[in-house]
Amino acid sequence: MRALVHDPAAPRGLRLAEVPGPVPTASQALVGIKAVSINFGEVAYLAERREPGEVPGWDAAGVVLEPAADGSGPPAGARVTTFGWRDGWAEHRAVDTANLAVVPDGVDLGAAAALPVAGVTALQAVRALGAVLGRRVLVTGAAGGVGRFAVQLAARAGAEVVALVGSSARGAGLRELGAAEVVTELTGEPLTGVLDNVGGPLLAEAFAHLEAGGVALAVGKASGEATTIDWEAERLRGGHRRLEPFVISVPLGDDLAYLARLLGRGELDPQVDHRVPWERATDAVDALLSRRIRGKAVLDLH
């Protein structure tokens, strides 16, 4: 089968190649992949996390070719979206049935491919903030894939969402997704929660805006910069506030199924902003890493 493999000598470290097909375990379904989505983290750190010849890919959607031998999961012919920490960018994927969800009829598989990592990260992070009904919640890096899902899901939970973006142009469409405010810098108004996708000095600044009892979740590090906080200054500011690293919880199947249902009902927009054949994967990676994509990038296999 064909797959995108990591090749350190290739542009952006990726090339199409012939590789052996996967052999599913008893609890895995064999899925014929139709579309995949690209996440910032998997391409920004590709060389650090993948060996030459390995098949990357977290998110992929397609059709079940062979159901799991243990009887779990959907039958052959079911349309599904899938998650795994590797092997997604290939014509066939063996995936644990606990990490897939059926895609409702009428939902485009490219849109469904955008759900797993970005969508579930946003969903679980919003849940981790606790009750946000009527509370001011800041989403940094709101123009990106996780950010645009987080804006929608936090607004759905009743939060007054403040979407922070790098430029006014990148904030296009965020009010339509539920943001009460779209800003390019923080004001002095207090926040109950922070979902930070940027890291670096911005996370420290956002933490300083938390009101007593507030929580900031460090979700991503798109800036590539470390965060330094003057804890003595924060102690003197007073108030019990929390800063926590966020880590996605697996398996993702149940959360994926919930997001797929929202998608099927037209209550969630995956914000696919860039969609090309996988032969043009390098173009998509370039656009993603250079911040020219608002939302998600999707590659079609066939």
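Is Arg 275 buried, partly exposed or exposed, and what is its relative accessibility? At 38% relative accessibility, Arg 275 counts as partly exposed, a class lying between buried (under 20% relative accessible area) and exposed (over 50%), computed with a 1.4 Å probe on protein chains only.

The model is predicted, so local features need pLDDT of at least 70 and side-chain atom pairs count only at pLDDT 80 or more, while totals for chains, interfaces and linings use all residues. Residues are numbered from 1 along each chain as its sequence is written, and side-chain values use heavy atoms, with hydrogens and water left out.

Side chains of opposite charge can pair when their charged atoms come close. Here a salt bridge requires a side-chain nitrogen of Lys or Arg within 4 Å of a carboxyl oxygen of Asp or Glu, and the count by this rule is 19. In one of them, Arg 275 pairs with Asp 108, with the closest N and O atoms 2.6 Å apart. This pair links distant parts of the chain, 167 residues apart: Asp 108 lies in the loop between β7 (100–102) and α3 (109–113), and Arg 275 in strand β14 (residues 272–277). Helices (H or I, at least four residues) and strands (E, at least two) are DSSP runs numbered from the N terminus. Asp 108 is partly exposed, at 37%.

Within helix α7 (residues 231–237), Glu 232 and Arg 235 stand 3 residues apart, about one turn of the helix. Their closest N and O atoms are 2.6 Å apart in a salt bridge. Glu 232 is partly exposed at 40%, whereas Arg 235 is exposed at 55%.
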